[in-house]
Amino acid sequence: LAKGITPWVTLYHWDLPSALEQEFGGWLGPKSRVTAAFGRFARACFERFGGRVKHWITLNEPWCSAVLGYNTGDHAPGRTEAPDTEPYVAGHNM
């Protein structure tokens, strides 16, 4: 800010906290629980940084996160167990 740079913050860029991965199975968890937890995280970010950050991006490349993370396993969390269902559940929860 001091140098005139306008910050843009991405809340999720393939880096779900490991606690949410362990507790909910990441984006596969029950939608109401994982989205509520992500909502609390987002609110905490808005409260802490909202005075300085005016531009927010919720999810970066959700297709990549869902398909590459829960189908091919190329990205975190690297799952390949149920490629016919998991990418759709994860994508829906995102």
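## Basis of the values

The model is predicted, and local features need pLDDT of at least 70, side-chain atom pairs count only at pLDDT 80 or more, and totals for chains, interfaces and linings use all residues. Residues are numbered from 1 along each chain as its sequence is written, and side-chain values use heavy atoms, with hydrogens and water left out.

## Helix H3 and its cover

Helices (H or I, at least four residues) and strands (E, at least two) are DSSP runs numbered from the N terminus. Helix H3 spans residues 62–70, and seven of its nine residues are buried, so the rest of the structure largely encloses this helix. Buried means under 20% relative accessible area, exposed means over 50%, and partly exposed lies in between (1.4 Å probe, protein chains only).

The buried residues of H3 are Cys 64, Ser 65, Ala 66, Val 67, Leu 68, Gly 69 and Tyr 70. Their cover includes strand E1 (8–12), helix H1 (18–24) and helix H4 (86–93).

## Salt bridges

There are three salt bridges in the structure, each a side-chain nitrogen of Lys or Arg within 4 Å of a carboxyl oxygen of Asp or Glu. One of them joins the side chains of Glu 23 and Arg 33, at 2.9 Å from N to O. This pair links distant parts of the chain, with Glu 23 in helix H1 and Arg 33 in helix H2, 10 residues apart. Arg 33 has a relative accessible area of 41% and is partly exposed.

Arg 79 is partly exposed as well, at a relative accessible area of 24%. Salt bridges with shared partners join Arg 79, Glu 81 and Glu 86 into one network. Between the side chains of Glu 81 and Arg 79 the N to O distance is 3.9 Å, while the closest N and O atoms of Glu 86 and Arg 79 are 2.6 Å apart. Glu 81 is exposed, with 57% relative accessibility.

## Glu 86

Which helix holds Glu 86? Glu 86 is in helix H4. Its relative accessible area is 10%, so Glu 86 counts as buried. The side chains of Glu 86 and Arg 79 also make a polar contact at 2.6 Å. A polar contact is a pair of N or O atoms within 3.5 Å; within protein, one must be able to donate a hydrogen and the other to accept it, and residues adjacent in sequence count only if both atoms are side-chain atoms.

Apart from neighbours within four places in sequence, Glu 86 is in contact (heavy atoms within 4.5 Å) with Leu 28, Tyr 70, Arg 79 and Glu 81.

## Aromatic pairs

The count of aromatic pairs is four. Rings of Phe, Tyr and Trp (its six-membered ring) pair if their centres lie within 6.5 Å; planes under 30 degrees apart count as stacked, over 60 as edge-to-face and the rest as tilted.

Tyr 12 and Trp 27 form an edge-to-face pair, 5.3 Å centre to centre with 85° between the planes. Tyr 12 lies in strand E1 and Trp 27 in the loop between H1 and H2, so the pair ties together parts that are 15 residues apart in sequence. Tyr 12 is buried at a relative accessible area of 4%, and Trp 27 is buried at 2%. Trp 27 and Phe 38 have ring centres 5.5 Å apart and planes at 55°, so this pair is tilted. Phe 38 belongs to helix H2, so its pairing with Trp 27 in the loop between H1 and H2 ties together parts 11 residues apart in sequence. Ring pairs link Tyr 12, Trp 27, Phe 38 and Phe 41 into a cluster.

## The largest nonpolar core

A nonpolar core is a set of buried Ala, Val, Leu, Ile, Met, Phe, Trp, Tyr and Cys residues joined through side-chain atoms within 4.5 Å. In the largest one, with 16 residues, the members that touch the most others are Tyr 12, Trp 27, Phe 38, Leu 59, Ala 90 and Met 94. E1, H1, H2 and H3 are the elements that give two or more residues to this core, and H2 gives the most, with five.

Not counting residues up to four places away in sequence, Tyr 12 touches Trp 27, Phe 38, Thr 58, Leu 59, Asn 60 and Ser 65.

## Val 53

Val 53 sits in the loop between helix H2 (31–49) and strand E2 (55–59). Its relative accessibility is 8%, and Val 53 counts as buried. The C-alpha atoms of Val 53 and Thr 6 are 7.8 Å apart, although 47 residues separate the two along the chain.
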